[in-house]
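Dear colleague,

I am handing over the structure below, together with some notes on its strands and helices. Please look through it before reading on.

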Amino acid sequence: MSFLSIFTTASLLLLPVPCEPLASSTDFSRAIKTGSSSSSPVPSKIPLPLSQNQKALDEGPRFPRTWVPLGSVIELNPDRPTPVTFLNQKYVIFKGDHDQWVVMDDICPHRLAPLSEGRIDTNAGERRVECSYHGWSFDSSGTCKDIPQATNRIKASAMANPKCHVKSYSTQVVKSILWAWLWKEDAVEEALNDPSITPQQMLDGVQNVIATYTRDMPYGWDTLTENLVDPAHIPFAHHNLQGTRSDAIAINMTMTEPVTKSGFVFEHVDRTMKKIRHSKAVFKAPFTLTYGGVFETDKPKPQYFNLTTIGIPSRPGWNRAMILTALPSNEGLLQDDAAKASKGPQQSSPSWRSKLFTLFPVWLVHILSNRFLDSDMALLHYQEQEREKQGGDSDERQGGVYFMPSTSDRSVNAFRKWKNKYASVLLPLPPAIHSRTVLFDRYTQHTEQCLHCSKALKQVRKLRVRAVGVLSLGGILVATRFPILGCVVVTGCLATIGVLNTLEQGFVTGGFNHYENE
């Protein structure tokens with residue numbers, strides 16, 4: 001059964017699964033109107049030394065000092081302390097007072113338990129993160145506000161010690177993405193020296209965001225980025241999902257700007273969904289890739305394509321991928337070319353497909369996105385393992401251990417050139433994952449931390465319990481004086497349970513077999 005038929009069946013059954021608007025949060029609305037919102041934590045009254053996370057980042061692998069994207073405020077649960085990892089360091093995200101998103105080290109100074117296993121306490125008139133081990137609680141600035149086991153005298157003494165508090169970081173929300181400054185360097189000073197490190201610059205040109213999708217992927221940030229800058233894989237790795245294998249053509253790719261610390265730019269012409277597409281892509285180092293394109297068409301108005309992705313190195317062999325979906329804009333990267341192709345400036349309005357997309361529940365959009373990322377999951381996971389086995393970047397020849405003779409490989413070479421000069425990869429890799437159930441574990445990689453999908457999964461499981469109860473009632477009707485009614489009830493319940501089981505699988509586990517994808 002296809003996912004589209006699942007959605008149709010669920011709609012016909014009036015399945016009461018949460019269907020929050022795609023852009024429902026306060027931060028999201030503000031981002032649409034103003035482009036960003038800042039929320040720097042209140043400084044702790046006690047001067048804190050560098051945290052262990054800051055020391056580890058400072059002494060760890062080489063990586064650009066920029067604002068770091070950690071999650072989407074569309075997907076984050078404001079009432080849950082959510083764990084997140086960046087460059088092997090652990091942080092916790094929650095929503096504090098005044099709609100302020102908070103990022104702090106994921107560690108309680110008492111006995112080093114993770115704060116992400118705690119809860120949000122509102123009993124004191126403010127939102128605090130409470131450690132569930134011994135009840136220590138911390139406000140948005142990371143200041144310890146309560147030690148339940150201590151007398152007032154001991155509390156006062158303990159709270160005067162910097163060791164009693166947790167490091168909280170400056171944050172801001174830009175285009176629905178939560179960013180944090182995690183380094184020991186001063187954020188303002190660094191931005192004055194290099195504006196390209198700011199969220200506003202990294203997401204410049206991205207607008208009309210209507211949805212995001214986040215997933216932790218079992219391969220590194222560098223492997224993800226190589227894949228994202230490579231348009232040639234789409235007809236094959238995503239056959240029947242975005243175009244087909246017959247779309248494959250020789251791709252003319254040019255590097256229009258040289259590789260610098262801030263990234264690089266390339267343009268190419270390819271074919272997807274049976275249409276020739278002219279695209280420009282900008283890699284805004286180290287996280288963001290933005291595509292803007294226009295399809296060749298005989299229609300009076302140009303048909304635009306745009307896509308923005310964010311890739312974050314979390315830990316060795318893992319990355320956090322975020323996809324930003326935006327309505328077509330008349331200010332795309334190739335607007336000038338599109339205007340020429342259409343013989344004059346044209347205003348681009350959303351198509352009926354784009355408008356229909358905004359009506360879909362978030363959980364359905366995410367299930368479909370899971371399917372898309374499943375399609376090259378195994379390819380990238382095992383490719384990365386083999387690359388490192390063969391020496392990875394230790395080979396100084398262009399492209400390292402790869403053999404890339406086509407012009408379509410120029411963007412991959414450009415990224416490897418940038419990475420070798422400005423960043424490092426977290427190594428060593430963990431062992432390869434041979435269980436496909438673990439490799440395609442959608443629950444751990446996405447659903448567990450997604451506000452919409454976790455709620456929908458709970459609702460699906462509740463509905464299934466109710467359907468089983470009604471099924472039992474139908475069986476009783478069949479055995480008594482109402483066999484026809486009983487058969488109708490039993491048939492309806494079995495169909496409903498089948499749909500719910502399929503939906504549950506979409507939230508929990510995935511998989512993709514290319515030999516079956518004809």
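**Strands and helices in the predicted model**

In strand 16, the residue that stands opposite His 278 is Val 294. Please keep in mind that this is a predicted model. The pair belongs to the antiparallel pairing of strand 15 with strand 16, which extends over eight bridges, and the two strands are joined by a hairpin through three residues.

On the pairing of strand 15 with strand 14, ten bridges join strand 14 (residues 263-272) to strand 15, and the two run antiparallel. Within this pair, Val 265 stands opposite Val 282 of strand 15. Strand 14 and strand 15 also form a hairpin, with two residues between them, and Met 273 in that turn has a positive phi of about 55°.

Which strand pairs with strand 16 (residues 288-295) over eight bridges in the antiparallel sense, with residues 303-315? It is strand 17, and here Gly 293 stands opposite Phe 305 of strand 17.

These pairings are part of an open sheet of seven strands, whose order is 12-18-17-16-15-14-13 and whose pairing is antiparallel. Strand 12 (209-217) and strand 13 (252-260) stand at the edges, and because each has a single partner strand, one side of each is left without a neighbour in the sheet. From one strand to the next, the twist averages 15°. Helix 7 (residues 221-228) packs on this sheet, where it touches strand 15 (275-284), strand 16, strand 17 and strand 18 (318-326), and the direction of helix 7 makes about 165° with that of strand 17.

Turning to a pair of helices, the axes of helix 11 (residues 362-374) and helix 17 (residues 483-508) come within 9 Å and cross at roughly 65°, and the crossing in which helix 11 passes helix 17 is left-handed. On the side of helix 11 the contact is made by Trp 363, Ile 367 and Asn 370, while helix 17 contributes Leu 503, Gly 506 and Phe 507.

Terms used. Residues numbered from 1 in each chain as written. Predicted model: local features only at pLDDT ≥ 70, side-chain atom pairs only at ≥ 80, totals over all residues. Heavy atoms only, no water. Pairing = 2+ DSSP bridges. Helix = DSSP H or I, 4+ residues; strand = E, 2+ residues; numbered from the N terminus. Axes fitted to C-alpha atoms, helices over the stretch in contact; angles between N-to-C directions. Contact = heavy atoms within 4.5 Å. Left-handed = near helix turned anticlockwise from the far one by under 90°.
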